[in-house]
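Biologist: Please show the structure, and let us then go through the terms used to describe it.

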Amino acid sequence: MNIELRKLTLEDYADLKESMLQAYDSMGGSIWPKSSIAKLLNIFPEGQLCIAVDDKVVACSLSIIVEYDEYGDRHTYKLITGDYSFSTHDPNGDTLYGIEIFVHPEYRGLRLGRRLYEARKELCESLNLKSIIAGGRIPGYHAYANELSPRQYIDKVKTKEIYDPTLTFQISNDFHVRKVLKNYLPGDHESKEYATLIEWNNIYYQGVDASARSAMTIRLGLVQWQMRLFPDMESFYEQVEFFVDAVSGYKSDFIMFPELFNTPLLQPYNHLPEIEAMRKLAEKTAEIVAKMHEYALSYNVNIITGSMPLLDDGKLYNATYLCHRTGKIDEYRKIHITPNEQKYYGMVGGDKVQVFDTDCGKVGILICYDVEFPELSRIYADQGMQILFVPFLTDTQNGYTRVRHCAQARAIENECYVAIAGCVGNLPKVNNMDIQFAQSAVFTPSDFAFPTNAIKAEATPNTEMVLVVDVDLHLLDELHHYGTVKVLKDRRADLYQVKLLK
């Protein structure tokens with residue numbers, strides 16, 4: 001027999017479903033749908049643990065992190081899980097909350113539950129969380145409900161006069177009962193819908209000090225790029241490296257270039273139809289990304305490369321790349337293609353929507369027109385996005401106004417920072433790229449901790465320059481919990497939802 005404790009994966013769901021059905025047969029076989037497991041794995045993969053026996057998953061524990069004072073000791077299971085949506089998960093919270101733990105009945109003699117509890121404790125300690133809290137069932141209570149109150153029953157379990165398969169096990173694993181909860185889990189007839197609020201305290205918890213908070217200050221560098229013709233690729237790279245060097249000199253964590261900032265390189269192909277010229281430019285994209293990857297490593301800065309045409313399987317995309325200073329490269333393809341991009345270049349939209357984990361938190365990327373569609377950034381917000389980067393290219397001021405105001409709205413409605421960077425100047429020798437208008441900026445939510453106009457900083461319009469801006473992620477956490485309004489928390493998930501379909 002081979003027993004392995006590891007992180008859960010979505011590929012385990014078939015085994016997980018079978019084990020859940022067996023474990024909760026007395027509750028009608030209630031199970032978590034695959035979509036819920038997928039969301040947990042997306043927002044907090046390290047908190048979802050399982051045990052496989054001979055490669056079959058037979059035990060599992062699911063967890064989220066919460067800021068416990070927001071909910072207090074009188075919460076329900078529905079409340080603490082955000083109506084089972086896990087919107088209550090807060091990576092900056094102080095408590096590991098156990099939302100599920102079970103063992104397949106046929107494997108309950110192997111002490112697998114103890115392994116899962118120990119793994120949870122190790123996770124709590126490694127994440128420097130204050131405690132583990134969970135609502136525990138008392139499935140043996142129904143046999144004593146006519147003669148004992150829930151508190152009397154719990155006291156007798158503590159003194160080992162009564163054995164309860166769940167509570168006895170929890171007490172033996174150093175958990176203590178904080179409170180009796182009523183109507184905690186509707187449908188739990190064995191427990192008569194009572195539950196114990198159990199807690200395990202992390203004696204190694206260090207709290208959050210000022211130095212930890214200061215580490216949440218992230219420095220952004222935005223390049224407001226002047227369109228100019230380049231005699232060769234070396235001249236182009238010199239200009240790119242100049243900005244990377246300048247921004248890294250200020251110890252920035254990120255630098256962002258604008259959308260299609262490399263279109264001056266179209267000039268040698270100006271005799272071709274626009275669609276053919278853009279496909280010729282796409283042949284240079286891999287080389288440019290490789291060069292920026294080198295800069296990210298050598299200058300120790302995360303680079304959002306600005307967007308470039310990408311030819312893949314005969315289709316032309318508008319793509320940007322996140323070159324991590326750790327060496328990783330992520331790709332994002334513009335989802336919403338403008339009528340101009342379709343007409344002149346035959347571009348098509350991408351179909352992947354996801355946030356990216358960086359050494360400075362979770363970030364999202366949208367390219368220009370994408371920011372005018374609020375659904376995308378809302379999905380990002382549900383995935384934990386803290387900073388949204390928007391490289392853009394607009395020719396006229398009214399086009400810029402659309403991008404700017406939509407970006408400001410995204411910052412407010414998603415409780416995040418939004419950074420936009422665009423191109424300026426003229427490019428008379430490149431078809432369909434004659435003029436550009438831009439004013440790069442960083443926008444904030446609108447509350448007392450932020451500027452009254454919700455603008456952290458902005459560049460001089462239509463002037464080539466670099467904007468270097470500090471943003472404090474801790475302020476987002478404060479806003480999320482204690483803001484004048486709490487946009488993300490106050491959504492009516494019972495009435496409407498925004499869902500990613502692929």
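**The pocket and the chain around it**

Modeller: In this predicted model, the volume of the second largest pocket is about 1,200 Å³.

Biologist: Which elements give two or more residues to the lining of the second largest pocket?

Modeller: They are α1 (13-23), β4 (95-103), α4 (112-126), β5 (131-136) and α6 (167-172). Strand β4 supplies the largest share of the lining, six residues.

Biologist: What makes a residue part of this lining, and which ones lie nearest the centre of the second largest pocket?

Modeller: A lining residue must have an atom within 4 Å of a pocket point.

Biologist: Why is a residue of the protein chain called buried, and what percentage of the 502 residues is buried?

Modeller: The term requires under 20% relative accessible area. Of the 502 residues, 53% are buried, so that percentage falls under the cut-off.

Biologist: What percentage of the contacts with a separation of 6 or more joins residues 24 or more positions apart?

Modeller: Such pairs account for 70% of those contacts in the protein chain. A contact means heavy atoms within 4.5 Å, so the pairs behind this percentage meet that limit.

Biologist: How many positive and negative charges does the protein chain have, and how far apart are their mean positions?

Modeller: There are 52 positive and 68 negative charges, with mean positions 4 Å apart. Because Lys and Arg count as positive, the 52 are residues of these kinds.

Methods
Residues are numbered from 1 along each chain as its sequence is written. This is a predicted model: local features need pLDDT of at least 70, side-chain atom pairs count only at pLDDT 80 or more; totals for chains, interfaces and linings use all residues. Side-chain values use heavy atoms; hydrogens and water are left out. Buried means under 20% relative accessible area, exposed over 50%, partly exposed in between (1.4 Å probe, protein chains only). The place of a charge is taken as NZ of Lys, CZ of Arg, CG of Asp or CD of Glu. On a 1 Å grid over the protein atoms alone, a cavity is a set of points where a 1.4 Å probe fits but cannot get out, and a pocket is an open set with protein on both sides within 12 Å along at least five of seven lines; lining residues have an atom within 4 Å of a point. Grid points are joined across faces, edges and corners, and a volume is the space filled by probe spheres set on the points. Helices (H or I, at least four residues) and strands (E, at least two) are DSSP runs, numbered from the N terminus.
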